[in-house]
Amino acid sequence: MRKVLDEINRSLLIALSILMVLSALLQVFARTIDLNAQFTEELTIFSMMWVTLFGSAYAFGIKKHIAIDILSSSLGAENQKRLAVFIEVVIILFTVLILLIGGGRFVWITFKLGQVSAVMHIPKGWIYLALPVSGLIILFYSILNIIDEVKKA
Amino acid sequence: MSHFWNSRLSNCTQYSFTCCGFVVKMASVSLIILAVFACGNQKQVKEIKLAHSLSEEHAVHKGMLDFAERVKKKSNGKLTIGIYANGQLGSESQCLELLQIGSLGITKVSAAVMESFAPKYKVLNLPYIYKSKAHRFAVHDGPIGQEILNSGEEYWLKGLCFYDAGSRSFYTTNKPIYNPEDVSGLKIRVMKSITASKMISEMGGSPVPISWGELYTALQQGVVDGAENNPPSFYLSRHYEIAKYYTLDEHTGIPDVLVMSTIVWNRLSEEEQNWVKEAAIESAPVQRAYWNESEEESLKAVQEAGVEIIKPDISDFAKSTNSIIEEFKDDPDLKRLIELIQQTDA
(Lines give C-alpha, C1' and ligand atoms only; values in the text may rest on other atoms or scores of the structure.)
Protein backbone atom coordinates (compact mmCIF):
# COMPACT_ATOMS: atom_id res chain seq x y z
CA MET A 1 0.00 0.00 0.00
CA ARG A 2 2.61 2.49 1.12
CA LYS A 3 4.91 1.45 -1.69
CA VAL A 4 2.29 2.08 -4.36
CA LEU A 5 1.54 5.52 -2.99
CA ASP A 6 5.25 6.32 -2.72
CA GLU A 7 5.76 5.31 -6.32
CA ILE A 8 2.84 7.40 -7.65
CA ASN A 9 3.93 10.38 -5.60
CA ARG A 10 7.53 10.09 -6.72
CA SER A 11 6.73 9.91 -10.43
CA LEU A 12 4.28 12.81 -10.12
CA LEU A 13 6.92 14.90 -8.36
CA ILE A 14 9.56 14.10 -10.98
CA ALA A 15 7.18 14.99 -13.80
CA LEU A 16 6.16 18.26 -12.14
CA SER A 17 9.77 19.26 -11.44
CA ILE A 18 10.71 18.62 -15.07
CA LEU A 19 7.70 20.67 -16.21
CA MET A 20 8.68 23.50 -13.88
CA VAL A 21 12.29 23.63 -15.09
CA LEU A 22 11.30 23.40 -18.76
CA SER A 23 8.75 26.18 -18.55
CA ALA A 24 11.21 28.43 -16.70
CA LEU A 25 13.81 27.72 -19.38
CA LEU A 26 11.30 28.40 -22.14
CA GLN A 27 10.49 31.75 -20.62
CA VAL A 28 14.14 32.80 -20.63
CA PHE A 29 14.53 31.68 -24.25
CA ALA A 30 11.27 33.32 -25.31
CA ARG A 31 12.61 36.68 -24.19
CA THR A 32 15.63 36.45 -26.47
CA ILE A 33 14.07 34.87 -29.54
CA ASP A 34 10.99 37.11 -29.69
CA LEU A 35 8.45 34.47 -28.90
CA ASN A 36 5.39 35.43 -26.90
CA ALA A 37 5.15 32.70 -24.30
CA GLN A 38 3.13 34.38 -21.56
CA PHE A 39 1.81 31.09 -20.26
CA THR A 40 5.27 30.02 -19.03
CA GLU A 41 5.17 32.31 -16.00
CA GLU A 42 1.88 30.89 -14.75
CA LEU A 43 2.88 27.35 -15.60
CA THR A 44 6.11 27.70 -13.58
CA ILE A 45 4.31 29.12 -10.55
CA PHE A 46 1.51 26.55 -10.61
CA SER A 47 3.82 23.57 -11.03
CA MET A 48 5.95 24.91 -8.18
CA MET A 49 2.88 25.06 -5.94
CA TRP A 50 2.07 21.46 -6.73
CA VAL A 51 5.68 20.33 -6.26
CA THR A 52 5.81 22.05 -2.86
CA LEU A 53 2.59 20.54 -1.55
CA PHE A 54 3.04 17.06 -2.94
CA GLY A 55 6.72 17.16 -1.99
CA SER A 56 5.84 17.87 1.61
CA ALA A 57 3.25 15.09 1.57
CA TYR A 58 5.90 12.73 0.22
CA ALA A 59 8.34 13.84 2.93
CA PHE A 60 5.72 12.90 5.54
CA GLY A 61 5.57 9.45 3.98
CA ILE A 62 9.31 8.78 4.09
CA LYS A 63 9.68 10.72 7.40
CA LYS A 64 12.22 13.16 6.04
CA HIS A 65 10.75 16.36 7.48
CA ILE A 66 12.91 18.45 9.76
CA ALA A 67 12.50 17.28 13.35
CA ILE A 68 14.11 18.31 16.60
CA ASP A 69 14.63 15.04 18.46
CA ILE A 70 16.05 16.25 21.80
CA LEU A 71 12.93 15.13 23.61
CA SER A 72 12.43 11.84 21.82
CA SER A 73 16.08 10.74 22.19
CA SER A 74 15.95 11.29 25.96
CA LEU A 75 12.89 9.05 26.39
CA GLY A 76 12.62 5.32 26.92
CA ALA A 77 11.40 3.03 24.15
CA GLU A 78 7.81 2.93 25.40
CA ASN A 79 7.50 6.68 25.76
CA GLN A 80 9.17 7.23 22.42
CA LYS A 81 6.41 5.22 20.84
CA ARG A 82 3.73 7.22 22.65
CA LEU A 83 5.37 10.46 21.52
CA ALA A 84 5.52 9.24 17.92
CA VAL A 85 1.80 8.45 17.96
CA PHE A 86 1.06 11.81 19.61
CA ILE A 87 3.02 13.61 16.86
CA GLU A 88 1.07 11.80 14.16
CA VAL A 89 -2.19 12.78 15.85
CA VAL A 90 -1.13 16.43 15.84
CA ILE A 91 -0.25 16.13 12.16
CA ILE A 92 -3.64 14.58 11.45
CA LEU A 93 -5.39 17.42 13.30
CA PHE A 94 -3.49 20.01 11.29
CA THR A 95 -4.15 18.20 8.03
CA VAL A 96 -7.85 17.79 8.62
CA LEU A 97 -8.43 21.32 9.89
CA ILE A 98 -6.17 23.34 7.60
CA LEU A 99 -5.67 21.31 4.44
CA LEU A 100 -8.88 19.30 4.14
CA ILE A 101 -11.54 21.53 5.71
CA GLY A 102 -9.92 24.95 5.13
CA GLY A 103 -8.37 24.07 1.78
CA GLY A 104 -11.47 22.21 0.65
CA ARG A 105 -13.69 25.17 1.47
CA PHE A 106 -11.32 27.49 -0.37
CA VAL A 107 -11.31 25.24 -3.45
CA TRP A 108 -15.11 25.04 -3.34
CA ILE A 109 -15.44 28.85 -3.17
CA THR A 110 -12.94 29.36 -5.98
CA PHE A 111 -14.77 26.90 -8.23
CA LYS A 112 -18.15 28.35 -7.32
CA LEU A 113 -17.10 31.92 -8.05
CA GLY A 114 -15.31 30.88 -11.22
CA GLN A 115 -12.01 32.69 -10.81
CA VAL A 116 -9.68 32.02 -13.74
CA SER A 117 -5.93 32.53 -14.09
CA ALA A 118 -4.96 35.76 -15.88
CA VAL A 119 -3.15 34.28 -18.87
CA MET A 120 -4.05 30.62 -19.37
CA HIS A 121 -7.66 31.12 -18.25
CA ILE A 122 -7.74 27.84 -16.33
CA PRO A 123 -10.11 27.83 -13.35
CA LYS A 124 -7.99 28.60 -10.28
CA GLY A 125 -9.89 25.92 -8.36
CA TRP A 126 -7.93 23.24 -10.19
CA ILE A 127 -4.67 24.78 -9.01
CA TYR A 128 -5.81 25.15 -5.41
CA LEU A 129 -7.02 21.54 -5.49
CA ALA A 130 -3.43 20.68 -4.54
CA LEU A 131 -4.29 21.71 -0.95
CA PRO A 132 -6.98 19.12 -0.11
CA VAL A 133 -5.41 16.42 -2.30
CA SER A 134 -2.01 16.70 -0.62
CA GLY A 135 -3.91 16.82 2.68
CA LEU A 136 -5.49 13.46 1.86
CA ILE A 137 -2.09 11.95 1.10
CA ILE A 138 -0.61 13.26 4.36
CA LEU A 139 -3.62 11.93 6.26
CA PHE A 140 -3.16 8.53 4.66
CA TYR A 141 0.56 8.44 5.47
CA SER A 142 -0.07 9.52 9.07
CA ILE A 143 -2.55 6.71 9.61
CA LEU A 144 -0.09 4.22 8.11
CA ASN A 145 2.65 5.61 10.39
CA ILE A 146 0.47 5.12 13.46
CA ILE A 147 -0.34 1.54 12.44
CA ASP A 148 3.37 0.83 11.93
CA GLU A 149 4.18 2.37 15.30
CA VAL A 150 1.59 0.23 17.10
CA LYS A 151 2.67 -2.97 15.32
CA LYS A 152 6.33 -2.41 16.20
CA ALA A 153 5.80 -3.50 19.79
CA MET B 1 -16.84 53.00 29.63
CA SER B 2 -13.66 53.95 31.48
CA HIS B 3 -15.68 54.78 34.57
CA PHE B 4 -17.23 51.33 34.50
CA TRP B 5 -13.84 49.71 34.23
CA ASN B 6 -12.30 51.75 37.04
CA SER B 7 -15.05 51.02 39.51
CA ARG B 8 -14.80 47.29 38.89
CA LEU B 9 -11.05 47.34 39.23
CA SER B 10 -10.99 49.31 42.49
CA ASN B 11 -13.61 47.01 43.98
CA CYS B 12 -11.45 44.03 43.25
CA THR B 13 -8.30 45.45 44.76
CA GLN B 14 -10.20 46.46 47.86
CA TYR B 15 -11.41 42.92 48.39
CA SER B 16 -8.03 41.33 48.04
CA PHE B 17 -6.52 43.77 50.49
CA THR B 18 -9.11 43.41 53.22
CA CYS B 19 -9.36 39.65 53.31
CA CYS B 20 -6.24 37.91 52.21
CA GLY B 21 -7.65 34.43 51.71
CA PHE B 22 -6.63 32.54 48.61
CA VAL B 23 -10.22 31.98 47.50
CA VAL B 24 -11.01 35.65 47.62
CA LYS B 25 -7.91 36.41 45.59
CA MET B 26 -9.01 33.94 42.98
CA ALA B 27 -12.44 35.49 42.99
CA SER B 28 -10.97 38.93 42.47
CA VAL B 29 -8.89 37.67 39.56
CA SER B 30 -11.92 36.20 37.93
CA LEU B 31 -13.78 39.44 38.51
CA ILE B 32 -11.06 41.32 36.66
CA ILE B 33 -11.27 38.84 33.82
CA LEU B 34 -15.04 39.25 33.80
CA ALA B 35 -14.66 43.02 33.68
CA VAL B 36 -12.34 42.73 30.69
CA PHE B 37 -14.78 40.51 28.86
CA ALA B 38 -17.68 42.77 29.74
CA CYS B 39 -15.74 45.66 28.23
CA GLY B 40 -15.01 43.61 25.13
CA ASN B 41 -18.67 42.90 24.62
CA GLN B 42 -19.71 46.47 25.03
CA LYS B 43 -17.15 47.66 22.51
CA GLN B 44 -18.98 50.00 20.18
CA VAL B 45 -16.34 50.69 17.56
CA LYS B 46 -16.38 48.47 14.51
CA GLU B 47 -13.33 48.38 12.28
CA ILE B 48 -13.23 47.27 8.67
CA LYS B 49 -9.82 46.38 7.27
CA LEU B 50 -8.76 47.87 3.94
CA ALA B 51 -5.64 46.43 2.30
CA HIS B 52 -3.92 47.54 -0.89
CA SER B 53 -0.50 47.28 -2.50
CA LEU B 54 0.40 50.91 -3.16
CA SER B 55 2.85 53.04 -1.20
CA GLU B 56 1.60 55.65 1.23
CA GLU B 57 2.70 58.55 -0.98
CA HIS B 58 0.46 57.41 -3.82
CA ALA B 59 -2.50 59.56 -4.88
CA VAL B 60 -4.85 56.58 -4.66
CA HIS B 61 -3.78 55.96 -1.06
CA LYS B 62 -4.64 59.58 -0.27
CA GLY B 63 -8.06 58.99 -1.80
CA MET B 64 -8.57 56.02 0.51
CA LEU B 65 -7.48 58.08 3.52
CA ASP B 66 -10.21 60.53 2.58
CA PHE B 67 -12.67 57.62 2.33
CA ALA B 68 -11.70 56.38 5.81
CA GLU B 69 -12.00 59.90 7.23
CA ARG B 70 -15.49 60.28 5.75
CA VAL B 71 -16.70 56.94 7.13
CA LYS B 72 -15.43 57.93 10.57
CA LYS B 73 -17.13 61.32 10.41
CA LYS B 74 -20.46 59.96 9.15
CA SER B 75 -20.62 57.32 11.86
CA ASN B 76 -19.36 59.59 14.66
CA GLY B 77 -16.43 57.25 15.13
CA LYS B 78 -18.56 54.13 15.48
CA LEU B 79 -17.31 52.64 12.23
CA THR B 80 -13.68 52.99 11.23
CA ILE B 81 -11.56 51.85 8.31
CA GLY B 82 -8.07 50.52 9.08
CA ILE B 83 -5.79 50.91 6.06
CA TYR B 84 -2.97 48.44 5.47
CA ALA B 85 -0.79 49.76 2.63
CA ASN B 86 2.23 48.43 0.73
CA GLY B 87 0.79 44.97 0.14
CA GLN B 88 1.19 43.97 3.81
CA LEU B 89 -1.75 41.61 3.53
CA GLY B 90 -0.92 40.21 0.11
CA SER B 91 -0.91 41.00 -3.60
CA GLU B 92 -3.97 42.37 -5.37
CA SER B 93 -5.40 39.01 -6.41
CA GLN B 94 -4.61 37.52 -2.99
CA CYS B 95 -6.55 40.35 -1.35
CA LEU B 96 -9.53 39.60 -3.60
CA GLU B 97 -9.41 35.96 -2.50
CA LEU B 98 -9.33 37.14 1.12
CA LEU B 99 -12.48 39.15 0.39
CA GLN B 100 -14.19 36.09 -1.06
CA ILE B 101 -13.55 34.04 2.06
CA GLY B 102 -14.52 37.01 4.24
CA SER B 103 -11.16 37.45 6.00
CA LEU B 104 -10.68 40.99 4.70
CA GLY B 105 -13.26 43.76 4.36
CA ILE B 106 -12.19 46.10 1.59
CA THR B 107 -9.39 46.23 -0.96
CA LYS B 108 -8.27 48.41 -3.82
CA VAL B 109 -7.28 46.61 -7.00
CA SER B 110 -6.71 47.50 -10.62
CA ALA B 111 -9.63 46.72 -12.92
CA ALA B 112 -7.14 44.56 -14.87
CA VAL B 113 -6.96 42.19 -11.89
CA MET B 114 -10.76 42.19 -11.55
CA GLU B 115 -11.00 40.68 -15.07
CA SER B 116 -10.15 37.20 -13.80
CA PHE B 117 -12.81 37.46 -11.09
CA ALA B 118 -15.68 39.31 -12.77
CA PRO B 119 -15.52 39.27 -16.59
CA LYS B 120 -17.54 42.45 -17.20
CA TYR B 121 -14.59 44.54 -15.99
CA LYS B 122 -12.82 43.60 -19.25
CA VAL B 123 -14.53 46.36 -21.22
CA LEU B 124 -12.95 49.07 -19.06
CA ASN B 125 -9.47 47.87 -19.94
CA LEU B 126 -9.71 47.86 -23.72
CA PRO B 127 -7.34 50.14 -25.64
CA TYR B 128 -8.91 53.42 -26.79
CA ILE B 129 -12.34 52.58 -25.43
CA TYR B 130 -12.49 56.09 -23.95
CA LYS B 131 -12.60 59.10 -26.25
CA SER B 132 -11.24 61.51 -23.68
CA LYS B 133 -10.67 61.98 -19.99
CA ALA B 134 -14.14 63.49 -19.61
CA HIS B 135 -15.63 60.51 -21.45
CA ARG B 136 -13.77 58.13 -19.14
CA PHE B 137 -15.19 59.80 -16.04
CA ALA B 138 -18.67 59.86 -17.58
CA VAL B 139 -18.47 56.10 -18.16
CA HIS B 140 -17.17 55.33 -14.65
CA ASP B 141 -19.69 57.59 -12.93
CA GLY B 142 -22.63 56.63 -15.13
CA PRO B 143 -24.97 53.64 -15.26
CA ILE B 144 -22.38 51.46 -17.07
CA GLY B 145 -19.90 51.96 -14.27
CA GLN B 146 -22.58 51.12 -11.75
CA GLU B 147 -23.59 47.98 -13.64
CA ILE B 148 -20.01 46.79 -13.75
CA LEU B 149 -19.48 47.54 -10.04
CA ASN B 150 -22.65 45.59 -9.22
CA SER B 151 -21.69 42.69 -11.51
CA GLY B 152 -19.04 41.73 -8.95
CA GLU B 153 -21.65 40.88 -6.31
CA GLU B 154 -22.29 37.59 -8.06
CA TYR B 155 -18.66 36.75 -7.28
CA TRP B 156 -18.93 38.03 -3.67
CA LEU B 157 -16.99 41.15 -4.59
CA LYS B 158 -19.04 44.31 -4.27
CA GLY B 159 -17.60 47.28 -6.17
CA LEU B 160 -17.90 50.52 -4.18
CA CYS B 161 -16.43 53.09 -6.54
CA PHE B 162 -13.82 53.71 -9.22
CA TYR B 163 -10.63 55.60 -8.53
CA ASP B 164 -8.79 57.20 -11.39
CA ALA B 165 -5.47 55.70 -12.40
CA GLY B 166 -4.85 58.02 -15.35
CA SER B 167 -4.02 56.59 -18.72
CA ARG B 168 -1.07 54.47 -19.68
CA SER B 169 1.46 55.48 -22.32
CA PHE B 170 4.64 54.05 -23.83
CA TYR B 171 8.15 54.84 -22.70
CA THR B 172 11.21 53.63 -24.54
CA THR B 173 14.94 53.56 -23.95
CA ASN B 174 16.55 54.19 -27.36
CA LYS B 175 13.96 54.51 -30.09
CA PRO B 176 11.27 57.18 -29.65
CA ILE B 177 7.70 56.33 -30.68
CA TYR B 178 5.96 58.99 -32.81
CA ASN B 179 3.34 56.82 -34.53
CA PRO B 180 2.08 53.23 -34.24
CA GLU B 181 4.52 52.01 -36.91
CA ASP B 182 7.40 52.89 -34.61
CA VAL B 183 6.25 50.23 -32.17
CA SER B 184 6.90 47.45 -34.67
CA GLY B 185 9.97 45.45 -33.84
CA LEU B 186 10.17 46.79 -30.30
CA LYS B 187 10.01 44.56 -27.27
CA ILE B 188 7.54 46.10 -24.86
CA ARG B 189 6.96 44.92 -21.33
CA VAL B 190 3.30 44.20 -20.61
CA MET B 191 1.23 43.30 -17.58
CA LYS B 192 0.14 39.72 -17.10
CA SER B 193 -2.95 40.13 -19.27
CA ILE B 194 -4.06 38.82 -22.64
CA THR B 195 -5.57 42.14 -23.75
CA ALA B 196 -2.36 44.02 -23.01
CA SER B 197 -0.20 41.66 -25.05
CA LYS B 198 -2.69 41.59 -27.92
CA MET B 199 -2.53 45.36 -28.16
CA ILE B 200 1.25 45.34 -28.57
CA SER B 201 1.05 42.54 -31.15
CA GLU B 202 -1.54 44.49 -33.14
CA MET B 203 0.85 47.44 -33.33
CA GLY B 204 3.59 45.09 -34.53
CA GLY B 205 5.68 44.99 -31.39
CA SER B 206 6.46 41.94 -29.31
CA PRO B 207 4.98 41.85 -25.84
CA VAL B 208 7.24 40.56 -23.05
CA PRO B 209 5.67 39.78 -19.68
CA ILE B 210 8.04 40.83 -16.92
CA SER B 211 7.10 41.52 -13.34
CA TRP B 212 7.00 45.18 -12.37
CA GLY B 213 9.78 44.79 -9.81
CA GLU B 214 12.22 43.38 -12.37
CA LEU B 215 11.47 45.96 -15.03
CA TYR B 216 14.16 48.48 -14.05
CA THR B 217 16.97 45.98 -14.63
CA ALA B 218 15.25 44.61 -17.73
CA LEU B 219 15.20 48.09 -19.28
CA GLN B 220 18.80 48.68 -18.22
CA GLN B 221 20.08 45.43 -19.73
CA GLY B 222 18.04 45.75 -22.90
CA VAL B 223 15.82 42.73 -22.27
CA VAL B 224 12.98 45.04 -23.33
CA ASP B 225 13.09 48.25 -25.37
CA GLY B 226 10.29 49.89 -23.47
CA ALA B 227 7.26 49.58 -21.28
CA GLU B 228 4.01 51.39 -20.65
CA ASN B 229 2.45 52.98 -17.61
CA ASN B 230 0.88 56.15 -16.26
CA PRO B 231 3.04 59.18 -15.41
CA PRO B 232 3.14 58.75 -11.60
CA SER B 233 4.25 55.12 -11.91
CA PHE B 234 6.84 56.06 -14.55
CA TYR B 235 8.20 58.67 -12.17
CA LEU B 236 7.98 56.77 -8.85
CA SER B 237 9.57 53.62 -10.32
CA ARG B 238 12.55 55.74 -11.48
CA HIS B 239 12.31 54.09 -14.90
CA TYR B 240 12.79 57.59 -16.36
CA GLU B 241 16.46 57.27 -15.44
CA ILE B 242 16.81 54.77 -18.28
CA ALA B 243 13.84 55.37 -20.57
CA LYS B 244 14.32 58.82 -22.06
CA TYR B 245 11.30 58.95 -24.38
CA TYR B 246 7.75 59.14 -23.07
CA THR B 247 5.06 59.01 -25.76
CA LEU B 248 1.72 60.21 -24.42
CA ASP B 249 -0.45 58.02 -26.62
CA GLU B 250 -2.77 57.26 -23.67
CA HIS B 251 -3.78 53.83 -24.93
CA THR B 252 -5.66 52.50 -21.92
CA GLY B 253 -7.43 54.12 -18.99
CA ILE B 254 -7.64 51.16 -16.64
CA PRO B 255 -9.21 52.45 -13.42
CA ASP B 256 -8.64 51.30 -9.87
CA VAL B 257 -11.62 49.80 -8.05
CA LEU B 258 -12.53 49.87 -4.38
CA VAL B 259 -14.00 46.42 -3.71
CA MET B 260 -15.76 45.15 -0.62
CA SER B 261 -16.43 41.59 0.49
CA THR B 262 -20.17 40.87 0.29
CA ILE B 263 -19.78 38.69 3.41
CA VAL B 264 -18.50 41.67 5.42
CA TRP B 265 -21.03 43.96 3.71
CA ASN B 266 -23.95 41.79 4.80
CA ARG B 267 -22.72 41.85 8.39
CA LEU B 268 -23.23 45.62 8.48
CA SER B 269 -26.52 47.24 9.35
CA GLU B 270 -28.30 49.19 6.63
CA GLU B 271 -27.20 52.44 8.21
CA GLU B 272 -23.57 51.33 8.23
CA GLN B 273 -23.80 50.17 4.61
CA ASN B 274 -25.01 53.62 3.62
CA TRP B 275 -22.09 55.30 5.42
CA VAL B 276 -19.61 53.13 3.54
CA LYS B 277 -21.28 53.54 0.16
CA GLU B 278 -21.70 57.32 0.47
CA ALA B 279 -18.16 57.82 1.75
CA ALA B 280 -16.76 55.82 -1.18
CA ILE B 281 -18.69 57.80 -3.76
CA GLU B 282 -17.76 61.11 -2.15
CA SER B 283 -14.08 60.19 -1.98
CA ALA B 284 -13.83 59.49 -5.73
CA PRO B 285 -13.71 63.15 -6.91
CA VAL B 286 -11.25 63.99 -4.12
CA GLN B 287 -9.00 61.18 -5.31
CA ARG B 288 -9.21 62.47 -8.89
CA ALA B 289 -7.91 65.84 -7.74
CA TYR B 290 -5.00 64.14 -5.95
CA TRP B 291 -4.30 62.12 -9.08
CA ASN B 292 -4.26 65.18 -11.35
CA GLU B 293 -1.84 66.86 -9.03
CA SER B 294 0.52 63.90 -8.93
CA GLU B 295 0.28 63.42 -12.70
CA GLU B 296 1.33 67.02 -13.32
CA GLU B 297 4.13 66.80 -10.77
CA SER B 298 5.42 63.56 -12.26
CA LEU B 299 5.45 64.85 -15.83
CA LYS B 300 7.29 67.97 -14.70
CA ALA B 301 9.81 65.98 -12.71
CA VAL B 302 10.64 63.53 -15.52
CA GLN B 303 11.00 66.42 -17.96
CA GLU B 304 13.47 68.04 -15.62
CA ALA B 305 15.35 64.75 -15.53
CA GLY B 306 15.82 64.97 -19.30
CA VAL B 307 12.96 62.84 -20.59
CA GLU B 308 11.56 63.90 -23.94
CA ILE B 309 7.74 64.00 -23.80
CA ILE B 310 6.18 63.17 -27.16
CA LYS B 311 2.55 64.03 -27.91
CA PRO B 312 1.55 61.96 -30.95
CA ASP B 313 -1.67 61.90 -32.98
CA ILE B 314 -3.76 59.60 -30.83
CA SER B 315 -6.28 58.69 -33.57
CA ASP B 316 -3.59 56.79 -35.54
CA PHE B 317 -2.89 54.65 -32.49
CA ALA B 318 -6.60 54.10 -31.91
CA LYS B 319 -7.07 52.84 -35.47
CA SER B 320 -4.26 50.32 -35.17
CA THR B 321 -5.90 48.60 -32.20
CA ASN B 322 -9.52 48.80 -33.33
CA SER B 323 -9.60 45.08 -34.14
CA ILE B 324 -9.23 44.22 -30.44
CA ILE B 325 -12.47 45.99 -29.53
CA GLU B 326 -14.19 44.21 -32.42
CA GLU B 327 -12.89 40.89 -31.14
CA PHE B 328 -14.40 41.46 -27.71
CA LYS B 329 -17.77 42.09 -29.33
CA ASP B 330 -18.03 38.34 -29.96
CA ASP B 331 -19.40 38.06 -26.43
CA PRO B 332 -22.97 39.45 -26.50
CA ASP B 333 -22.77 40.77 -22.95
CA LEU B 334 -19.51 42.61 -23.55
CA LYS B 335 -20.78 43.82 -26.94
CA ARG B 336 -23.74 45.53 -25.29
CA LEU B 337 -21.46 47.22 -22.74
CA ILE B 338 -18.94 48.32 -25.37
CA GLU B 339 -21.69 49.86 -27.47
CA LEU B 340 -23.14 51.61 -24.44
CA ILE B 341 -19.71 53.05 -23.65
CA GLN B 342 -19.25 54.22 -27.22
CA GLN B 343 -22.65 55.94 -27.11
CA THR B 344 -21.95 57.71 -23.82
CA ASP B 345 -21.50 61.46 -24.18
CA ALA B 346 -18.50 63.03 -22.58
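How much area is buried between chain A and chain B, and what percentage of it do carbon and sulfur atoms give? In this predicted model, the figure comes out at about 2000 Å², with carbon and sulfur atoms giving 54% of it. On the chain A side, the residues losing the most area to chain B are A:Arg31, A:Gln38 and A:Leu113, which together make up 34% of what that side buries.

Counted by residue, the contact draws 21 from chain A and 22 from chain B. Four helices of chain A each put at least two residues into the side that touches chain B: H1 (2-32), H2 (39-61), H4 (77-113) and H5 (124-128).

Over in chain B, helix H12 is worth a look for its geometry. H12(B) covers residues 270-304, 35 residues in total, and its first and last C-alpha atoms lie 51 Å apart, close to the 51 Å expected at 1.5 Å a residue. There is still a bend of about 30° at B:Ala284, and a proline, B:Pro285, follows within four residues. Just after the helix, B:Gly306 takes a positive phi of about 95°.

Technical notes
Residues numbered from 1 in each chain as written. Chains lettered and ligands numbered in written order. Predicted model: local features only at pLDDT ≥ 70, side-chain atom pairs only at ≥ 80, totals over all residues. Heavy atoms only, no water. Expected span 1.5 Å × (residues − 1). Bend = angle between axes of the 7 residues up to and from the residue. Contact = heavy atoms within 4.5 Å. Buried area = accessible area lost by both parts, 1.4 Å probe.
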